[in-house]
Amino acid sequence: MNESGGGARALAWRRLSGVGEHELVPQARLSGPMPWVIAIMVALTVIAAAAGLALRNAASATTAELRGGVTVQIVEASPEKRTKQAQAVVRRLGRMPEVESVRLVPQDELDGLIEPWLGGKAGHDDDDYESADEAAIPVPALIDARITGEVTDARLAAIQAALRGEAPAARVDAQSRWLKPVLDAIESLQWLAIALVALLALALAAAVLLAVRSALGANRDTIEIVHLLGATDRQVARVFQRTTGIDAAGGGLLGMVLALVVLLFLARRFASLGAGMVDYGALDWLDWITLGFVPLVAIMLAMLTARLTVLRTLRKML
Amino acid sequence: MNQAADGEIVHFDNVGLRYGTDREVLSDVSFTLYPGSFYFLTGASGAGKTSLLKLLYLAQRPSRGMIRMFGADAITLPRDRLPALRRRLGVVFQDFRLVPHLSAVDNVSLPLRVAGIPERDIAKPVADMLEWVGLGDRMQARPATLSGGEQQRVAIARAVIGRPDLLVADEPTGNVDPDMAIKLLRLFEALNRLGTTVVVATHDVHLLKKVPDSLIMRLDKGRLSDPTGALRYPPKRATGAGGEDEA
């Protein structure tokens, strides 16, 4: 009788939790390898997606910054002539209607640019420098201008022709041209990230398919019994779908946490580099929301795969 | 609910069954089951009783012939319509076929859950049924911890809990003591009086005498005969049924 009372309590609990409804076939939740496999897949997918998004941000920010950017180099050995020509070029560019802004790059900035390769004194070839021997390298003057619209070869040639009077040896270059190989490489990496995400999704679906097939095989007798009792394929599929969903939710959450730890660690490492293009690669809030969808998509993909696998397999049974 | 549209529950016409390329285990089987009748299916071991029951509870399709159940052609019926037919059946399998990971109470609840009955309407009838078959104190026991007789009683409780239109029982009293066998037979009779058509396969000749109004079908090497005229004449409690052709 005591057992009967316990049975009634157990029944009441089942009714509250709805557990009994989903126990048509036995499922070992969170004890099999599936949640861990999903966790690894989700973590790798989030990291690959974050890398793709960061590369996209870096590429688009760099492209936006360089769009319309033109660099004029005044290559002149004599420091006085170089300074005069540079100032004349700045004035001439300032008068051109298509030029939005123009700036003579200060000597300190130039020093900073060449310091890592040539040392701190390489650019000082002017008269006030102490030793002429140490200032043997004439560094060109640099003028940074921004023009409206795209920088084309024809427009570059026109600017060069317009500046010939002020600085015959001036060299005019589009800034975007210097970084084109880098941007091309970044684009390739972006495609690689997309391909990785797609492959990981495929691998996740394959892992779920194998796990569900194995579970179906192990529970074939039970499924046959519930079929004979009038269960529909969809009822059986719902059991596997639900169980897979729970496994995927646990695994997805774990994978997301794992990925966040890795991303925060990498973010700190890259932030300490202090390099411009790396800074551009920072993820914005929309990117984080996108990454937050990865576990949700993984759960849906896992559940859909489980459902289709069960329905397809059961079709072969009477 | 218990009445088929044309006054018959099941109609077999010239049915044959073979497994693979072996010889037929059932040949030219023809009969009609009428609503509210009680049938015994007898025959020696290997006569084809279980095979015939498999066709009856839709676990097997015949190699030839025609089967109508509840007015539907059970052979050409699409798979997605089979569950609706199966829910009108109660089956006691010879090997019980209890779901091993479920307790006795969950096993008995299974047909009701499958049919979408709300949980609040399941607990009491299931508990009452288990109490009635003498397993009130074993409700939470799993099949592996039950004796053969107890498993058989759980299987019977599961088969009858949904008040099926057709109850098919394969040797349902084979593992229980004589008193319990009589008790279970009374349960089948009670169900039968409520309108359920009952088919009990047995080779226990003593059992046949316990149900006076029952009709007997005998299988011999896969062929059907009817010593009580069950297949030749309308059964006594058949409502609106005409005579049927014999096997």
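Q: What percentage of the 247 residues in chain B is buried?
A: The model is a predicted one. A residue is classed as buried if 20 or more other C-beta atoms lie within 10 Å of its own. For the 247 residues of chain B, the buried share is 51%.

Q: How many helices and how many strands does chain B have?
A: In chain B, residues 24 or more positions apart make up 68% of the contacts with a separation of 6 or more. The elements of chain B comprise both helices and strands. Their numbers are seven helices and ten strands.

Q: What pattern does chain A follow along the sequence?
A: Chain A contains ten helices and four strands. Read along the sequence, these elements give the pattern α-α-β-α-β-α-β-α-β-α-α-α-α-α.

Q: Of the contacts in chain A with a separation of 6 or more, what percentage is accounted for by residues 24 or more positions apart?
A: Chain A has 318 residues, of which 31% are buried. Among its contacts with a separation of 6 or more, the share from residues 24 or more positions apart is 85%.

Q: How many residues are in the second, separate core?
A: Apart from the largest nonpolar core, which has 120 residues, there is a second one. Its members include A:Val70, A:Val72, A:Ile74 and A:Ala86. The size of this second core is 18 residues.

Q: Which residues does A:Val46 contact, leaving aside its neighbours within four places in sequence?
A: A:Val46 is among the residues with the most contacts inside the largest nonpolar core. With neighbours within four places in sequence set aside, its contacts are A:Gly255, A:Met256, A:Ala259, A:Leu291 and A:Val294.

Q: How many nonpolar residues are in the contact of α2(A) with α8(A)?
A: On the α2(A) side the contact includes A:Trp36, A:Ile38 and A:Val46, and on the α8(A) side it includes A:Asp247, A:Gly255 and A:Met256. By class, the contact has four polar residues and one charged residue, while the nonpolar residues number 19.

Q: Is α2(A) roughly parallel or roughly antiparallel to α6(A)?
A: Helix α6 of chain A covers residues 175–218, and its axis lies 9 Å from that of α2(A). The crossing of this pair is left-handed, and its contact divides into 25 nonpolar, seven polar and two charged residues. The angle between the two helices is about 160 degrees. This angle is why α2(A) counts as roughly antiparallel.

Q: Is the crossing of α2(A) with α10(A) left-handed or right-handed?
A: The axis of helix α10 of chain A, residues 285–314, comes within 10 Å of the axis of α2(A), and the two cross at roughly 145 degrees. Residues that meet here include A:Thr45 and A:Leu53 in α2(A) and A:Thr290 and A:Ala302 in α10(A). The contact consists of twelve nonpolar, two polar and one charged residues. The crossing is right-handed.

Q: Is A:Leu44 buried or exposed?
A: A:Leu44 lies in helix α2 of chain A. In space, its C-alpha is 57 Å from that of A:Ser78, a residue 34 positions away in sequence. Because it has 20 C-beta neighbours inside 10 Å, A:Leu44 is buried.

Q: Where in chain B is B:Arg163 found?
A: B:Arg163 is not a glycine, yet its phi is positive, near 45 degrees. It has 15 C-beta neighbours inside 10 Å and so counts as partly exposed. Its place is the loop between α5 (148–160) and β7 (166–170).

How values were computed. Residues numbered from 1 in each chain as written. Chains lettered and ligands numbered in written order. Predicted model: local features only at pLDDT ≥ 70, side-chain atom pairs only at ≥ 80, totals over all residues. Buried ≥ 20, exposed ≤ 12 C-beta atoms within 10 Å, placed from the backbone. Contact = placed C-beta atoms within 7 Å. Core = buried A, V, L, I, M, F, W, Y, C linked by C-beta atoms within 7 Å. Nonpolar A, V, L, I, M, F, W, Y, C, P; charged D, E, K, R; others polar. Axes fitted to C-alpha atoms, helices over the stretch in contact; angles between N-to-C directions. Parallel < 35°, antiparallel > 145°, perpendicular 65-115°, else oblique. Left-handed = near helix turned anticlockwise from the far one by under 90°.
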